[in-house]
Every structure is written in C-alpha cells, then in structure tokens.
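Could you walk me through this model in my viewer, one selection at a time? I am new to this, so please tell me what to click and what I will find there.

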Amino acid sequence: MSIFSHPEYDQHEQISCYHDPETGLQAIIAVHNTNLGPALGGCRMWHYASDADALTDVLRLSRGMTYKSALANLELGGGKSVIIGDPQRHKTPELLAAMGRMLERTGNRYIAAEDSGTSVADLSVMSQHTTNVAGITDRIGIDGAPCNGDPSPATAYGVFTGLKTAVQHRLGCNHLDGIKVAVQGIGNVGYRLCELLHNAGAQLYITDIHPERVAQAQAEFGAVAVDGQEIYSVDADVFAPCALGAVLNDATIPLLSAKVVAGAANNQLAGQRHDLMLQERGILYAPDYALNAGGIIDLYHERIGHEHMKVRAHIETISDTLNEIFRRSEQQKRPTGEIADQLAEERFR
Ligand code: NAD
C-alpha cells in the first residue's frame with residue numbers, strides 16, 4: 001500500500017496508524033493541513049473491505065475538511081479518523097477508550113467529532129481519555145432550543161441560507177414564496193430543510209427510500225411525493241440533494257429541469273467535469289462543501305465559547321462566500337466548483 005504516491009495523498013501533514021491488541025482497535029488518523037488551526041473532522045467507524053479502502057477514505061475525507069473549514073472562514077485545519085470495524089458488532093466501551101487514548105497521543109493537532117458509525121455518546125466515552133473531541137456538550141442550538149451536539153440543525157440552516165442566495169442570483173428572486181424545490185432525501189438535514197423551506201412559502205417535491213418519512217413530510221409540509229428517479233426531472237426551480245454523493249452525473253444532469261442545485265449531500269459531483277456540464281446547461285451549482293458547512297461552524301463555536309446568535313450569524317456568512325464564488329464564476333467563465341476550490345486554497349495555502 002503506497003502512501004506518498006497514493007492518489008489521495010495530496011501532501012498530508014501526518015498519517016498515523018494505531019493498533020491496540022487488547023481491544024482490537026485498528027484506526028487511522030489523517031491530518032491534511034493545519035495552516036489555519038488544529039484539524040477538526042469526524043471519527044468514522046466502518047466495516048472497510050480492506051485497510052487500503054480505509055486509507056483512501058480517511059485521506060479523501062480529511063482533505064475535504066481542510067477545504068470546507070477554509071471556505072467557512074474558520075481557524076481550523078482539515079483532518080479525519082477512521083476506526084476499522086463494524087459499529088454494530090465491534091464497538092465496545094474498551095475500544096472507544098483505546099481510541100480516546102490514541103487521540104490524546106496525536107496531541108491537539110487533530111480533534112474528533114461524531115461521524116457515520118459513531119455517536120455523541122461514543123465521543124463522550126473517548127473524552128474520558130482526551131480533550132481532543134468536539135460536539136459533546138449540551139448547548140443552545142441555533143433555533144434557541146437546547147441541543148446535544150447534533151450538527152444537523154446547523155447544517156440545514158446553512159443549506160437554507162445558501163439556497164436562498166443561489167435562488168436570488170440565478171432566478172433574481174429575493175424570497176422563496178412559491179419557489180418549487182425538489183428535495184432528495186428527507187433525513188436529519190433534509191427534513192429540517194423542508195421545514196425551513198415550507199415556512200418560507202416554498203412548494204416542496206420530495207423523495208426518500210423510507211415511506212414513513214415521506215408520509216410525515218406530506219402531512220406536515222404539504223409536500224408532493226415523487227418516485228426516486230422522477231426527483232431529477234420534476235418541474236422544480238431548485239434541486240436539493242440531501243441523501244447521497246455522486247448524484248450529479250452523465251445520466252442525471254440532462255434530466256434536470258431545475259435552474260439551481262443547492263443541497264446538503266457531500267461530494268454531489270460524480271466527477272470534476274460535471275461541474276462544467278452543469279454550467280453549460282445554465283444550471284447554477286452551489287458547491288456542496290460551501291453550503292453544508294453549518295455543522296463544522298457550530299463545532300468551531302463550541303470550542304471558542306458558544307453563543308447561539310453568533311453561530312447563526314456565522315452560518316449566514318455562507319451567503320457572502322457563495323456570492324463571491326458566483327461573481328468570480330461569471331467573471332472568469334469557469335464553473336462554480338472549480339472557483340470554490342481555488343477560493344479555499346487561497347485561504348489555507
Ligand atoms: P441521513 O442519513 O439522516 O439522511 C439521508 C436520507 O436520505 C435518509 O432519510 C435516507 O433514507 C435517504 N436516502 C438514502 N438513499 C436514498 C435514495 N436513493 N433516494 C432518496 N433518498 C435516499 O443523513 P443526513 O445527516 O441528513 O445527511 C444528508 C447528507 O448531507 C449526507 O450526504 C451527509 O453526508 C451530508 N451532510 C450532513 C451533515 C450533517 O450535519 N448531518 C453535514 C454535512 C453534510
């Protein structure tokens with residue numbers, strides 16, 4: 001398994017592999033870049049098919065965190081960790097404690113948060129052995145209600161803010177009343193996004209593989225349910241992917257009737273060229289990692305002294321970042337995803 005010639009290596013500052021024979025812990029911590037501050041990113045637990053798959057995942061994800069935090073104007077770098085194992089079968093308090101000790105050994109260069117396969121409770125166990133964890137304190141959420149570290153409300157608010165900005169830019173409309181939005185995936189983020197959109201007067205089209213979520217959103221928001229593939233071609237102004245990555249690809253882009261793509265899902269573009277393909281079709285793509293930074297902004301404020309109104313105001317700056325991306329994209333006639341990468345690099349390099 002190569003490291004320095006690995007396709008995802010991209011000048012990572014540090015890659016640490018840990019093995020604790022007593023608990024069976026096998027973990028990799030990747031620190032991509034700390035120019036702007038300590039690397040903050042999720043600790044994922046996943047039943048990887050091979051060590052090589054785990055390495056590829058952690059390298060790709062940690063790099064992504066550098067770009068996301070830089071674009072959100074945070075004094076944070078990018079990092080990620082993975083625990084190799086099935087969260088259902090291999091997760092024990094002893095294994096989590098061992099991970100906590102590994103985080104402590106890495107020093108304050110990397111701070112872990114919850115991710116796929118780990119929970120706030122798991123991170124709390126780790127925190128008994130290290131201070132290098134985030135997102136575990138009870139606090140007042142951005143909506144003024146108590147919350148336990150779940151980043152989804154902050155993420156949904158950021159997506160809502162960015163979606164409004166993109167609508168204003170592409171459709172020249174400074175409100176969402178009557179704007180038709182097709183939401184793919186109504187889980188933690190998607191459902192809250194639907195609520196914000198409904199309250200702003202938007203008309204919703206929704207799809208999800210869980211019929212009970214669809215039924216709930218129909219009842220609560222008057223949303224129109226559509227079948228899986230129909231979500232791309234439904235007559236909507238905005239397509240909001242909030243489920244899976246790689247949904248903007250050769251097969252789906254020609255189907256889109258929306259003029260704006262703005263959603264929470266990570267890595268929406270299947271490949272780099274799909275950025276250009278959207279631009280050529282006249283569809284304004286709001287880069288996913290610019291839009292879904294609400295959660296990391298929330299975690300950052302937890303570290304510097306959480307005041308929910310300041311978190312809210314910081315999340316609203318996603319709008320300024322997007323306006324800058326859209327302005328440069330038009331001026332330079334280059335796709336928005338490419339411009340977002342460039343803007344992030346200007347900030348962290
Ligand atoms: P989630 O698992 O709670 O929700 C995803 C939803 O998508 C589920 O309801 C699921 O049933 C649905 N879904 C899965 N496959 C589908 C398909 N083929 N068609 C339609 N629906 C499908 O996840 P989440 O926390 O809401 O996150 C949504 C996306 O946003 C993910 O890509 C995630 O990586 C990204 N994201 C989330 C956060 C956060 O704070 N939760 C932050 C940044 C990015």
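**A walk from the cavity to the sheet**

Begin by selecting α1 (51-71), α10 (288-291) and α13 (318-332): each of them supplies at least two residues to the lining of the largest cavity. Keep in mind that you are looking at a predicted model.

Now show the side chains around that space. Which residues line the largest cavity? They are Lys68, Leu71, Ala72, Tyr289, Ala290, Ala293, Thr317, Ile318 and Thr321.

How much space lies in the largest cavity? About 50 Å³. The count of cavities of 30 Å³ or more comes to one. Such a space can be found because rolling a probe the size of a water molecule over the atoms shows where empty space is left.

Next stop: the sheet. Select its six strands and follow the order β10-β9-β8-β11-β12-β13; the sheet is open and the pairing is parallel. Look at the edges, where β10 (224-225) and β13 (284-285) each have a single partner strand, so one side of each is left without a neighbour in the sheet.

Strand β12 (residues 260-261) runs parallel to β13, and two bridges join them.

Helix α7 lies across β9 (203-207) and β10, and runs at about 170° to β9.

Note on methods
Residues numbered from 1 in each chain as written. Predicted model: local features only at pLDDT ≥ 70, side-chain atom pairs only at ≥ 80, totals over all residues. Heavy atoms only, no water. Pairing = 2+ DSSP bridges. Helix = DSSP H or I, 4+ residues; strand = E, 2+ residues; numbered from the N terminus. Contact = heavy atoms within 4.5 Å. Axes fitted to C-alpha atoms, helices over the stretch in contact; angles between N-to-C directions. 1 Å grid on protein atoms, 1.4 Å probe; cavity = no way out; pocket = protein on both sides within 12 Å on 5 of 7 lines; lining within 4 Å. Points joined across faces, edges and corners; volume = space filled by probe spheres on them.
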